[in-house]
Amino acid sequence: MATTAQLFEEPFDADEYIERLAWRIPGGGSKGGAEAFDPKRLLDEFKYHIEELKQLDEKIQRKVEKLEHQCHREAKEFAHKVQDLQRSNQVAFQHFQELDEHISYVATKVCHLGDQLEGVNTPRQRAVEAQRLMTYFNEFLDGDLRSDVFNNPDKIKEAADIIQKLHLIAQELPFDRFADVKAKIASMFLIILIHCKYHDLERQLIQEFTAAQRRGEIGRMHEVAAVLLHFKGYAHCVDVYIKQCQEAHVREKLDETRHSDVEQYLKNLYDLYTKTTALATKLAEYNLGSDKHTFLSKLIKSIFSSYLESYIDMERDYLRSRGAMILQRYYDSKNHQKRSLGAGSIQELKERIRQRTNITLGQSIDTHGETFLSPELVVNLLQETRHAFERCHRLSDPSDLPKNAFSIFLLLVEHLCVEHIDYALEIGLMGIPSSDAKNANLYFLDVVQQANSIFHLFDKQFNDQLMPLISSSPKLAECLQKKKEVIEQMEVKLDTGIDRTLNCMVGQMKHILTTEQKKTDFRPEDENNVMIQYTAACSKVCAYVSRQVEHVRKSMDGKNVDTVLTELGIRFHRLIHEHLQQFSYSSMGGMLAICDVAEYRRCAKDFKVPLVLQLFDTLHALCNLLVVAPDNLKQVCSGEHLTNLDRNLLHAFVQLRVDYRSARLGRHFS
């Protein structure tokens, strides 16, 4: 039954299943010619196998019935649970309705109570206001203004409001009894009006000074400053002058390059802002008042606010145009017109067919060894992005810093990963020849090597420049997810290209074996005059494999080297195994086949992969069956390397001997 199970391989194909079954039955295949075909034995084996299939079918049917019964039982249990949950939900809904009604009742009571409180509170507030005014009026009657509101210059507006109300009240009082109080209130009212006019005039003079400075009228500035010299706000006039000078300097440095040279504008903005903040830090060391840090911060913000608001938009536009220019300049230097790789369902269908069948749909292109990956281009893009991250860190508001840094990162991904690396991988895939191409030049491994090196640089900038800006924000998860998606997309194309490259390598080996290996190599006409150590086909294949192994080691790093070499070694072994089964061997031919396999095994040692060496050790042991004496055949089949192999496989190798029938070697496997 185990043998039957082994024949069921996905995807299942009935014709292939029958072919594999017949091939395993001695006398059922095409090996050995028509004389070796035994229809009766084949029929018996088929009948026996049909019985095995019936038993297997009954066993599977019982298992299906058991699973169906279990499914029905679990469905009933689930239905009961759903009913219980529905009943619980209905009870909860009833409770919710009762609670909602109760809340509505309480809300109605609260609104009613609020209306009552408002009706009581409004007259109370009016009484408090009247009492307060009466208290102030008594102070005027006594001639002693004790309240802080009449003595504190900072409460001039509040005092004006109170005097205005007292003035209206005084107008209603009899003149003969309250003449003194009316005079005091009027006098106070006049003082407040003068004070307000003083501040208003001072403000107008400062505005005039500011406007004159902007117009460049030095004479007018001198006149206004002379007038302000006797006002309390003269110090504010000095502050305005300094601020205007700073703004003029900033505008002079920035406005002239804002639209003509964006790169220089961003550099100037970064330098000016950095120097200004450094100057503010030094000024904070002096005694500028208790709120010196707030004052300096507001001053810097007022100077640069219009520039900082539009900074990130200009940064993104600059990086977008700069990255496109760097890419176009590189492709122009290669005289290469970027191809439109296409999108949509047709392209996706082609990609799936290419991945599953290694069949290239569409014309394969010859890249002439060009990888279309440029270290210089990568350094330029990373350098521009590094400067952008530095500017973003300095010029962005702390709350917007993670968002702005993420937008810069997306532009780097677009230019470096999508427009450059991904495009080079697509071109590299299109440049891989078909597996049956002759003398094919395989450049995709060079693309793999350079893509890995570039991505290491990209990863380093991600960790060194971007992570400190977003490490404590929700944008960190988005950045990591985007990076993961980019890596996965690249790995899919790298894996596809490496797989197709390995197929091309195997195809080249097969071409060498087909053209160089002759049937007479293993059945020489003169058995006693064979002077070669191994065949010419073996020599050429081993030389080719050694070059490709070295190429893989130079192109890969880390565990990828062992992974790719393991896959190449397995395919190399499968090719040699199938190739050897195409010939029949004399005694001396078998010795030559052993020598070939020994050379293949020596070549396999260069892989430095234990599994590959083990496969060739087993193949070498199989080749011993081609030369061992008939009496020792059974003993050799029980050796260390062959004891665990399928006897049909051993029998198939023995059938390759020219003395298989004459020496009746088939009896050892019956």
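What you have open is a predicted model, where local features need pLDDT of at least 70 and side-chain atom pairs count only at pLDDT 80 or more, while totals for chains, interfaces and linings use all residues. Residues are numbered from 1 along each chain as its sequence is written, and side-chain values use heavy atoms, leaving out hydrogens and water.

Now switch to a cartoon view. You'll be looking at 21 helices and zero strands; helices (H or I, at least four residues) and strands (E, at least two) are DSSP runs, numbered from the N terminus. Of the 670 residues, 36% count as buried, where buried means under 20% relative accessible area, exposed over 50%, and partly exposed in between (1.4 Å probe, protein chains only). Among contacts (heavy atoms within 4.5 Å) with a separation of 6 or more, 74% join residues 24 or more positions apart.

Next, select Tyr105, Val106 and Val110. Together they make a nonpolar surface patch of about 290 Å². Patches take residues with over 30% relative accessible area and no salt bridge, joining like charges within 9 Å and nonpolar side chains (Val, Leu, Ile, Met, Phe, Trp, Tyr) within 5 Å. A salt bridge here is a side-chain nitrogen of Lys or Arg within 4 Å of a carboxyl oxygen of Asp or Glu. Val110 sits in helix H3 (residues 39–142) and is exposed, at 52% relative accessible area.

Most residues other than glycine have a negative phi. Click on Phe372, in the loop between helix H11 (345–357) and helix H12 (375–395): its phi is positive, about 60°, though it is not a glycine. Phe372 is buried, with a relative accessible area of 8%.

Then hop to Lys608, in the loop between helix H18 (587–604) and helix H19 (610–623). Lys608 also isn't a glycine, and has a positive phi of about 55°. Is Lys608 buried or exposed? Lys608 counts as exposed, at 66% relative accessibility.

Last stop: the cysteines. How many disulfides does a search of the whole structure find? It finds zero, a disulfide being a pair of cysteine sulfur atoms within 2.5 Å. Select Cys417 and you'll find it buried, at 3% relative accessible area. Cys637 is buried too, at 8%.

Terms used
Areas by Shrake-Rupley, 256 points an atom, 1.4 Å probe, with all protein chains shown as cover.
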